[in-house]
Amino acid sequence: MGQDVQVERNAIREHMIIDGKPVSQSQGPTIPVYDPATGQVIAHQPEAGAQGVDLAVRAARQALEQGEWGKMLPAQRERLLLRLADLVEANADELARLETLNNGKLLFFSYGLEVAASAQWLRYMAGWATKISGELLSPSIAFPPGINYHAYTRQEPVGVVGAIVPWNFPLLMAVWKIAPAMAAGCTVVLKPAEETPLTAIRLAELALEAGFPAGVINVITGRGESTGAALTAHPGVNKISFTGSTEVGKLIGHQAINDMKRMSLELGGKSPVVIMDDCDVDMAIQGAANAIFFNQGQVCTAGSRLFVQKGIYERVVQGVADLASSMTLGSGFEQSTQIAPLISARHQQRVQNYIDVGRQQGGRMLAGEGARPEQGYFVRPTVFADVAPDARIMREEIFGPVVVATPFDTEAQALALANDTDFGLGASVWSQDLARVQRLTAGIKAGTVWVNTHNMLDPSMPFGGYKQSGLGREHGRAAVEAYLETKSVCMAYPAA
Ligand code: NAD
């Protein structure tokens, strides 16, 4: 154990990576980084501020326009991404343990979702580098007489990308931005969340080891309102790719529109889990619990609104509550742990406030009371039944292990309840009846609808939000296209 602890401690870097070099420049005081399981400070990060942002954006611009990166063949970019995937796997122990130390999450998920999924996404996107193509067009331009036209489109990298990511899946979110941007031939300045910068910095170092030229992948650290805002506003950035809250997404969107920057916004959610009475009930109970309690509910697609058909409602909500009450809270490093700490003291307080609001607004609390570890930012998995449609805990994203449940009679009611939200990121339908499933999957306004499962993602499946859950799609072909500009080329030549 002692030696294991060294693995992640040795991987802590208290600097940024700009133009291939460690940079410790800081405007103002450094930012403390915490271990959520103990509340102890594990690192101090620089605040890049406007100056650090400028340095990184210039490095990215230089790498794009003057370095070897812009001249590389698609197959060379593919190979670099494949090498990076191999290096991520080769450093799995260090990256997974570092993530659990910094984010608090279960080590099992750090291995499976941060490290293994990052390698999977890098490999999938590597394949796209050699498959980017334009179209041959058939223009009907009739003038002047005697002239024919040959026209086609080119797909060009959008340029320098400013990527801003949240703290819930720190390494994976960084890869979700970097991998398609690299496949498209862009350069990137990535700002991880101030709570969780550590694995992103290691990723940038591994990218250099893989052979990515200096300046292609830069990682800067700092707070959102200072460094994040400076990155968004920097005139040298062509596109902002943001994942985070809807509130900040709108701020970023306004700024991006002012400068006419391209943007992708992956925002919040309040995803419904719709359980019909013909489903496999035991499977649905387990599925509904996983949908909300996975990663302590700190998942943008968390199944935080549970709608159950009347005949099985009590059985399902009690079943989810029993699972919630039986879960073991503890450090993400302990094998017996099922619920790890939340990310920060501030977020713990925020979630706890919602639970208090839930109590006041009259939901029937079936799980959530009980002991918590003395140190660390823990919240017990919590279930509220019979919650009214207009209750705050039904409408607002809590981003913690709190689920609210309501019964319904008919399929039409289920659909109305599922869509009665400002958000539209994910949803799941639990039923064995194909016709019902078809009607509900078509009717639900969300970017991803799962059937008899929840929260399952794959690099091939486009992912993003309807309504206030964002703009654009990540993953699949759509992700690469979001990092490309289309240029039409039109050539005139004499007909004879
Ligand atoms: P957040 O919006 O507070 O922060 C996200 C990132 O934005 C951080 O890096 C932060 O430093 C930065 N930021 C904050 N203010 C900024 C500003 N004014 N200008 C520029 N950058 C700024 O979100 P959070 O609390 O870190 O993450 C939780 C949220 O993220 C939830 O709403 C969740 O649903 C959402 N999320 C969405 C997805 C998705 O794919 N749709 C995935 C994960 C998380």
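Residues are numbered from 1 along each chain as its sequence is written, and side-chain values use heavy atoms, with hydrogens and water left out. Because the model is predicted, local features need pLDDT of at least 70 and side-chain atom pairs count only at pLDDT 80 or more, while totals for chains, interfaces and linings use all residues.

The protein chain is divided into domain 1 (2–267 + 470–486) and domain 2 (272–462), with bounds that come from an automatic or database domain assignment. Taken over C-alpha atoms, the centres of domain 1 and domain 2 are separated by 30 Å. Across the boundary, 34 residues of domain 1 are in contact with 31 residues of domain 2, where contact means heavy atoms within 4.5 Å.

The interior comes next. In soluble globular proteins, nonpolar side chains tend to be buried together. A nonpolar core is here a set of buried Ala, Val, Leu, Ile, Met, Phe, Trp, Tyr and Cys residues joined through side-chain atoms within 4.5 Å. Buried stands for under 20% relative accessible area, exposed for over 50%, and partly exposed for what lies in between (1.4 Å probe, protein chains only). The largest nonpolar core has 95 residues, and Met182, Phe212, Ile275, Leu306 and Val320 touch the most other members. Helix α6 (residues 170–184) supplies the largest share of this core, 12 residues; helices (H or I, at least four residues) and strands (E, at least two) are DSSP runs, numbered from the N terminus. At least three residues of this core come from each of domain 1 and domain 2. Ile275 has among its contacts, apart from neighbours within four places in sequence, Ala284, Leu306, Phe307, Phe408 and Trp430. A second, separate core has 25 residues, including Val274, Val379, Phe384 and Ile398.

On a 1 Å grid over the protein atoms alone, a cavity is a set of points where a 1.4 Å probe fits but cannot get out, and a pocket is an open set with protein on both sides within 12 Å along at least five of seven lines; lining residues have an atom within 4 Å of a point. Grid points are joined across faces, edges and corners, and a volume is the space filled by probe spheres set on the points.

The largest pocket has a volume of about 1500 Å³. It is lined by 49 residues, and Trp167, Glu195, Ser245, Val248 and Arg346 are the closest to its centre. Two or more lining residues come from each of β3 (31–35), α8 (224–233), β10 (239–243), α9 (246–259) and α12 (345–360). Of these, α9 gives the largest share, seven residues. The lining divides into 23 nonpolar, 14 polar and 12 charged residues, with Ala, Val, Leu, Ile, Met, Phe, Trp, Tyr, Cys and Pro counted as nonpolar, Asp, Glu, Lys and Arg as charged, and the others, Gly among them, as polar. Each of domain 1 and domain 2 supplies at least three residues of this lining.

The second largest pocket holds about 760 Å³ of space. Among its 35 lining residues, Phe109, Leu113, Asn290, Phe294 and Met456 lie nearest the centre. α10 (281–293) is one of the helices that each supply at least two lining residues, and α10 gives the most, seven residues. By class this lining has 23 nonpolar, 12 polar and no charged residues.

In the whole structure, a search finds five cavities of 30 Å³ or more. The largest cavity has a volume of about 70 Å³, and of its 13 lining residues Ala302, Ser304, Glu397, Ile398 and Phe399 lie nearest its centre.

Two single residues complete the tour. Val33 lies in strand β3 and counts as buried because its relative accessible area is 0%. Leaving out residues up to four places away in sequence, Val33 touches residues that include Val41, Asn102, Glu195 and Leu198. Gln348 has its place in helix α12 and, at 17% relative accessibility, also counts as buried. With the residues up to four places away in sequence not counted, Gln348 touches Leu342, Arg372, Gly376, Tyr377, Phe378 and Val379.
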